[in-house]
Amino acid sequence: MKVIRCSLLVALLSLMLVEAVKKCEKIDSCRCSTDAGEINLWSLAGQTPKRARFNISSPSLEKYYLWSPCTEWATQDHPCENAAVCEVTRKTASHISYSNMGKRDSSNCALDERNGRCLLTYDVAGSKRKTAIALECDEGEEGKVDPMISDFSSFLTYTTLHSMCACPGKCALSTDGNNGILYHVFSDDEGKEVGAIVGIVIAGIILVILLVFAIFICCLRRKLPSGLPKPSICTTVKVGLGIIKKKLCPCC
């Protein structure tokens, strides 16, 4: 049974594998076009006004970052007004400074050719600094961001977003609930295709189980003493099921 469960798990996981993309181009501040489909972060925007969608930690205890990939969150005349990424430095409880790490309208989509991921990048006005957020497809995560790292030698601040919405074609423009997450709904054609694949996998597993059981019954009948009348196939199957049940569940 463990082998069967592992086989099913491997089969289902194989359906979720996402190939590396070969193209990543900007559609708007929250969408990137790839050869595998559209990456759409709009459903990660959240619905709470004037609050950043993500609060991102950093190795420095006094610094953290606020990221709002799609919607406005900072009030007028705030240092991070219209910012997609804002660096927050808390020197003391009463002394907090803000630094704009890239306005939303400066966003761009770029391909990281080393690993086939899309990068959402932001330019910092009047500076060589750049912020980059790698979009990592993870169908098990709604939206999780790694700590922000600063590489002062290359003027780059970077992190990684792990999200189902970073998977091409998985999220839509609309939102669902207060968290702004919308799970992908398959079209009729997609649903039929995935259903057919899952059906083939399950049917194959069932056939393997039946084949193994048939071999077991044949071996069981051969072990009976020669010269004695052999029980019917139905009786042999019942005995075989009893032996299997006793082996797998001795307390039953």
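Okay, let's start in the middle of the protein: the largest nonpolar core has 29 residues, and C32, L41, W67, V85, L120, L135 and L161 touch the most other members. By nonpolar core I mean a set of buried Ala, Val, Leu, Ile, Met, Phe, Trp, Tyr and Cys residues joined through side-chain atoms within 4.5 Å. Buried is under 20% relative accessible area, exposed is over 50%, and partly exposed is in between, with a 1.4 Å probe and protein chains only. Strands β4 (54-56), β5 (63-67), β9 (117-123) and β10 (130-137) each give two or more residues to this core, and β9 has the largest share, with three.

A quick word on the source: this is a predicted model, where local features need pLDDT of at least 70 and side-chain atom pairs pLDDT 80 or more, while totals for chains, interfaces and linings use all residues. Numbering runs from 1 along each chain as its sequence is written, and side-chain values use heavy atoms, with hydrogens and water left out.

Back to the core. What does L41 touch, leaving out residues up to four places away in sequence? That list is C30, C70, L120, L135, L161, C165 and A166. There's also a second, separate core of eight residues, including Y64, W73, A74 and V88.

Now the rings. Searching the whole structure turns up one aromatic pair, meaning Phe, Tyr or Trp rings (the six-membered one for Trp) with centres within 6.5 Å; planes under 30 degrees apart are stacked, over 60 edge-to-face, the rest tilted. Here F54 and W67 are stacked, at 5.2 Å centre to centre with 25 degrees between the planes. F54 sits in strand β4 and W67 in strand β5, so the pair ties together parts 13 residues apart in sequence. Are these two buried or exposed? Both F54 and W67 are buried.

Zooming out, the chain has three helices and 13 strands; these are DSSP runs, H or I of at least four residues for helices and E of at least two for strands, numbered from the N terminus. Of its 252 residues, 31% are buried. Contacts (heavy atoms within 4.5 Å) are worth a look too: among those with a separation of 6 or more, 46% are between residues 24 or more positions apart.

I206 is in helix α2 (residues 188-222), and at 45% relative accessibility I206 counts as partly exposed. That's it from me, happy to chat.
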